[in-house]
Amino acid sequence: MFRAGRLRPLSDRIRTITALLVIAASLAITVVVLATGSSDSPDRVHALAERLKCPICTSESVADSPSQVARDLYELIEEQVADGWTDDEIVEFFIDTYGEQVLLDPKAGGAGAVLWIAPIAALAIGGVVIAGRHARNDREITDAEKERIAAELEKRP
Amino acid sequence: MTPRTRIVVITAVGLITVVLAVVFATRFGADPRLSPSPLIGRPAPDVTLDLVESGEMLPLHDLRDQIVVVNFWAPWCVPCRAEHADLLALAESFGDLEVSVVGIAYQSREDDVIAFLDDLGRGYPVGMDERSRAAIGFGVRGVPETYFVDRNGTVVAKISGPISLGLAAATLDRMIMGDPVESARTGEVQTTP
């Protein structure tokens, strides 16, 4: 039987660990969904068209753009898929003709690596800084510090 | 945080901000439609043109052993009207030097192409681009765009924007002499009617 009672307030440490776990779980889910989303798509053509930028548009994918060029590109992707091209071969074909700017998501290698690594590096640095500050706050107070605190308290009116 | 650590952190953040500011300031004005072609130094795509009026098929590879100037244009493109006379003059001036000028009508209807040629003149073969296959093969981002293909079938230069007789002739002169040529950006390209 559940007994109503006063909940004990969570300590700062538990709150911090919980927050970090929630953030880590969210990141893990995002990474897993992004990594597996395209390959499991029931429609390979549409998934590929969503990865490629319409060359005459600012930031619309081939799948989303209503332009005639995008429709022609979509049709070409359909033919390439029907002819047995792999996803990598199709993407490389478009990079060879339009350059890497044709990719809506930059490549993980080369200069594009900075865009992928920077947020992770920033997160890691932030985590280290927060952990460092907590470690400093959690340490035992030395005898000298206790004496100083006591002396300061005695001075108070 | 010690004062020394604080100074290091503030300096690092300041440096990163300056680097990002420089990157954004230099890249925001860049128009990706006017970017250099990844095709430079590589074989020209094997495209076949359906020539207007005659209905003949012209594979670009049939022009191997000649220098080929491939001009993507459209009857609805304003800068294309401005460059057309220069391309006619170019075809006439370099015709005896085994240089072929070829026009490819981008995202156009044949009736409009013929009306444009009736209005501004004919002087070199013009083909329709069925399902944009030639434009996709060359990585065209708008019109006008002009590609220079050497006698080996290699793309050596791309001009984004309207081409002038002077620039085209200078590029061809260098190609004929075997000198290296450079791509150029002469102005905006038009993407839609």
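## Contact between the chains

Two residues are in contact if their C-beta atoms, placed from the backbone, lie within 7 Å. By this criterion, 14 residues of chain B are in contact with 14 residues of chain A. The side of chain B that touches chain A comprises four nonpolar, eight polar and two charged residues, where Ala, Val, Leu, Ile, Met, Phe, Trp, Tyr, Cys and Pro count as nonpolar, Asp, Glu, Lys and Arg as charged, and the others, Gly among them, as polar.

## Basis of the model

This is a predicted model, in which local features need pLDDT of at least 70 and side-chain atom pairs count only at pLDDT 80 or more, while totals for chains, interfaces and linings use all residues. Residues are numbered from 1 along each chain as its sequence is written, and chains are lettered from A and ligands numbered from 1 in the order in which they are written.

In strand β4(B), residues 99-105, six of the seven residues are buried, that is, 20 or more other C-beta atoms lie within 10 Å of their own, with C-beta atoms placed from the backbone. Helices (H or I, at least four residues) and strands (E, at least two) are DSSP runs, numbered from the N terminus, and two strands pair if DSSP finds at least two bridges between them.

Strand β3(B), residues 67-73, pairs with β4(B) in the parallel sense over seven bridges, and B:N71 has B:G103 as its bridge partner. β4(B) also pairs in the parallel sense with strand β5(B), residues 126-128, over three bridges, where B:I104 stands opposite B:G127.

Terms used:
Buried ≥ 20, exposed ≤ 12 C-beta atoms within 10 Å, placed from the backbone.
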